[in-house]
Amino acid sequence: MAMKGSAARNGLSKIQTHNDSSNKDGICHDDSSPTVKAQTIDELHSLQKKRSTPNTPIKGNQGTAFGTISEEERQKQQLQSISASLASIKRETGPKVVRGDPATRTTQVPKVSPVEYHVPTIVVTDSSLKFTHVLYNLSPAELYEQAIKYEKGSFIASSGALATLSGAKTGRAPRDKRVVKDEQTEKELWWGKGSPNIEMDEHTFLVNRERAVDYLNSLDKVFVNDQFLNWEPENRIKVRIVSARAYHSLFMHNMCIRPTPEELENFGDPDFTIYNAGQFPCNRYTHYMTSSTSIDLNLARREMVILGTQYAGEMKKGLFGVMHYLMPKRQILSLHSGCNMGKDGDVALFFGLSGTGKTTLSTDHNRYLIGDDEHCWSDNGVSNIEGGCYAKCIDLSREKEPDIWNAIKFGTVLENVVFDEHTREVDYIDRSVTENTRAAYPIEYIPNAKIPCVGPHPKNVILLACDAFGVLPPVSKLSLAQTMYHFISGYTALVAGTEDGIKEPQATFSACFGAAFIMMHPTKYAAMLAEKMQKHGATGWLVNTGWSSGSYGRGSRIKLAYTRKIIDAIHSGSLLNAEYHKTGVFGLEIPTEVEGVPSEILDPINTWSDKQAHKDTLLKLAGLFRNNFETFTNYKIGEDNKLTEEIVAAGPIF
């Protein structure tokens, strides 16, 4: 029987294709999509990951350091800089470094000599024969992969965030933090009673630095972040973080300002370097060491060494301390504060210790968020130091803090939280690991964040206190001297634990609302604050978010709705036009009326049924203020000391 179509040699008809005229080889194939350009599975996987290519325009002779060199030379200089960062002091040489993950088969070990500045001056160990692989400025996705593969305790939560553990340390270790005391810092920094600065010498720092660098160089790979601090371009600081954990690298990726590809190509050498060898303990027999943990700052060398703690917050707060040193030397005020801006450009600074409502009150959907924690005030205005937020997660709920809740997604680091084994849903109430659970995320994850995070000069400086004694007014307008006094005091009052039945308030004072991080004497920062407020016409306010009608246990806490009305009146400027009268003892100016707030609560004495109890409690708090301030009266400002005397006079009189 005859068959239709052309017959093949085996007698079967040839299969017709869509375009048989061009199908000269007669092979049947699916031509609905292009053929993959790979011959093996490995080649296919290599095509899956698109290589990033530099896109900085060549700027000729006026370009930056890398603008006129080849890509090969640029990468060589970048590796030289990283190798120099990891150099041993004694050997004066950096390790052999190469970019890439040692676990990836496509990593090419260069056939050239290792990147070194000097010939080693002593015999070295086998570490001189190996390459240290540098995982440089990895993306969040790449860091997720590294953490999940190699770091025990790292998981992807149901929200998409990276849940991880910081090990035995779940908070900062202030008693193990030290600063090198040399001829310069001895004169510039605040030392002695009340100071957070615990001294160490140069030699001990170098011993710990060598221990950290040797540990990092012994690893097959290290993570290197090159990033910025301070959103104001002319005053930004270049920082390099060398760490052994993907978690730490992602944390700093979120918390520091992320360079653009162009900025990264031209980064050059850092202004400050962190060596995070937190998995490795310090040597307890080393001078000054009191435990296996040591966090060391050397301001002359512009370096920080971390040993014996994997808590990521040490890096964030360590750099904040550095900014508290570097910025005032440029006549820029560094501040531990929140900052937001109205649609008309009016900026407000919020200071307050834990429990005062700083986060709640500075987060306002009708205003732009410049930052939640660390800022600079220069001649140009305010700028956020950081590129991210580090929020507390304990008892977090979508209803109370929707912005933070929604920011916990892919790219966010969740520290020490507890989650369901199967669903990976986080239980924010669970304190099994620690009460100090945290989330670190880029600031752009907040919907009303102002990018870039800069603003004009502040109009209002708001000092928040949760006064559990119940004697401070809900709002007071401060003079410049009073602003300095209360800024230096950094007061709030917390309720004591109730396990043993004690319910009396406990006064807490933290200089400049962040004593743990300041480097110079608090009076220096206060004087700079007053100078800038006076120059730019800012007003100081003291806002009590604590108790009224009596102390804790007898009175009641001031309603948040009333406090928000007060803050709104400050932002709008209407509170400046109110009538005021002065209180006794603290000499505070109290408005007689605030829209939306019952007038009787504006003066605390009106709400106390026992007037004598009010007076006694007021005098008790005044005494606590006076006792705390004695720490600062020995510091003199100026030759005639008038400013110091003016600040002291602005305190309570009784």
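Which residues have the most contacts inside the largest nonpolar core?

## Nonpolar cores

Trp377, Leu414, Tyr441 and Phe487 have the most contacts inside the largest nonpolar core, which has 127 residues. A nonpolar core is a set of buried Ala, Val, Leu, Ile, Met, Phe, Trp, Tyr and Cys residues joined through side-chain atoms within 4.5 Å; buried is under 20% relative accessible area, exposed over 50%, and partly exposed in between (1.4 Å probe, protein chains only). Helix 8 (residues 313–326) supplies the largest share of this core, seven residues. Apart from this core lies another, of 25 residues, including Val97, Phe205, Leu219 and Cys282.

Leaving aside neighbours within four places in sequence, Leu414 is in contact (heavy atoms within 4.5 Å) with residues including Ala157, Leu162, Cys393, Val426 and Arg438.

## Basis of the model

The model is predicted: local features need pLDDT of at least 70 and side-chain atom pairs pLDDT 80 or more, while totals for chains, interfaces and linings use all residues. Residues are numbered from 1 along each chain as its sequence is written, and side-chain values use heavy atoms, leaving out hydrogens and water.

## Helix 5

Helices (H or I, at least four residues) and strands (E, at least two) are DSSP runs numbered from the N terminus. The buried residues of helix 5 include Phe205, Arg209, Glu210 and Tyr215.

## Thr545

Thr545 sits in the loop between strand 28 (539–544) and strand 29 (547–548). Thr545 counts as buried because its relative accessibility is 6%. Its side chain reaches the backbone oxygen of Thr356 at 2.9 Å. Beyond neighbours within four places in sequence, the contacts of Thr545 include Thr356, Leu464, Cys466 and Arg557.

Conventions
Polar contact = N/O pair within 3.5 Å; in protein donor to acceptor, adjacent residues only side chain to side chain.
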